[in-house]
Amino acid sequence: MNREFLKELGLSDEQVDSVMKEYGKSINDVKEKADKVDTLESQIEDYKNQLEERDNQLNELSEKAKGNEELTVQIEELKQQNETTKTEYEQKLQQQAFEHKLESTLTGAKVKNVKAVKALLDLESIKLDGDKLLGLDDQLNNLKENESYLFEQEEKPNSPQIVTPGNPDGGNNPGNDPFA
């Protein structure tokens, strides 16, 4: 979107400035969220690489330690710790994906304050299924009905008023007619 396009639509300079200001806010929000997603994706790859490296090291040690019972026991303990760490990372990643999807969905629903709305939601009943949040729509609709102040109101464009031609305030004047 650029200023020339808006001016061609017939908007005044003040209107163009206010539209560009709001557009800039939304673009900045999108850029911040894209940066967060990139950071999270790089963290995910780092975690996966670390886990693979640990698994490979444990497999190498187990090959070298055949016949030594103490080392074999230690290796099994390390494998169990590795599995525990892996499940913890996966849970954290799922939680981050859930939080990100929830925030983006709430932003898309034109929520004024994401934190306030999240506090009113029953997060236990909302589940992430692929790219969809199950159970969120009903709660949002309920909040829109009961707590409408939390959502940005959609402004309806000024519709032109159609006036019949002539003098609408004219009419019959039964009083004194100066031209009679």
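A residue counts as buried under 20% relative accessible area, as exposed over 50%, and as partly exposed in between. Glu103 has 27% relative accessibility, so Glu103 is partly exposed. All of this is read from a predicted model.

Start at Glu103. Its side chain forms a salt bridge with Lys118, with the closest N and O atoms 3.7 Å apart. Glu103 sits in helix α3 and Lys118 in helix α4 (residues 114-120), so the bridge ties together parts that are 15 residues apart in sequence. Lys118 has a relative accessible area of 19%, so Lys118 is buried. Glu99 joins in as well: Glu99, Glu103 and Lys118 are linked in a network of salt bridges.

The structure has 4 salt bridges in total. Another of them lies within helix α3, where Lys79 and Glu76 are 3 residues apart, about one turn of the helix. Their side chains meet at 4.0 Å, N to O. Lys79 is partly exposed at 27%, and Glu76 is partly exposed at 40%. Lys7 and Asp13 form a further bridge, at 3.5 Å.

Now turn to the aromatic rings. The whole structure holds 1 aromatic pair. Tyr47 and Tyr89 are stacked, 4.3 Å centre to centre, with 10° between the planes. The pair links distant parts of the chain: Tyr47 is in helix α2 and Tyr89 in helix α3 (residues 69-108), 42 residues apart. Tyr89 is buried at 17%, whereas Tyr47 is partly exposed at 27%.

Finally, look at the surface. A patch of negative charge gathers there, including Asp29, Asp35, Glu41 and Glu52. Asp35 belongs to helix α2 (residues 13-64). Its relative accessible area is 49%, so Asp35 is partly exposed.

Technical notes. Residues numbered from 1 in each chain as written. Predicted model: local features only at pLDDT ≥ 70, side-chain atom pairs only at ≥ 80, totals over all residues. Heavy atoms only, no water. Patch = residues over 30% accessible without salt bridge, like charges linked within 9 Å, V, L, I, M, F, W, Y side chains within 5 Å. Areas by Shrake-Rupley, 256 points an atom, 1.4 Å probe, with all protein chains shown as cover. Lys, Arg positive; Asp, Glu negative; His and termini not counted. Charge placed at Lys NZ, Arg CZ, Asp CG, Glu CD. Helix = DSSP H or I, 4+ residues; strand = E, 2+ residues; numbered from the N terminus. Buried < 20%, exposed > 50% of the residue type's maximum accessible area, 1.4 Å probe, protein only. Phe/Tyr/Trp six-rings, centres within 6.5 Å; stacked < 30°, edge-to-face > 60°.
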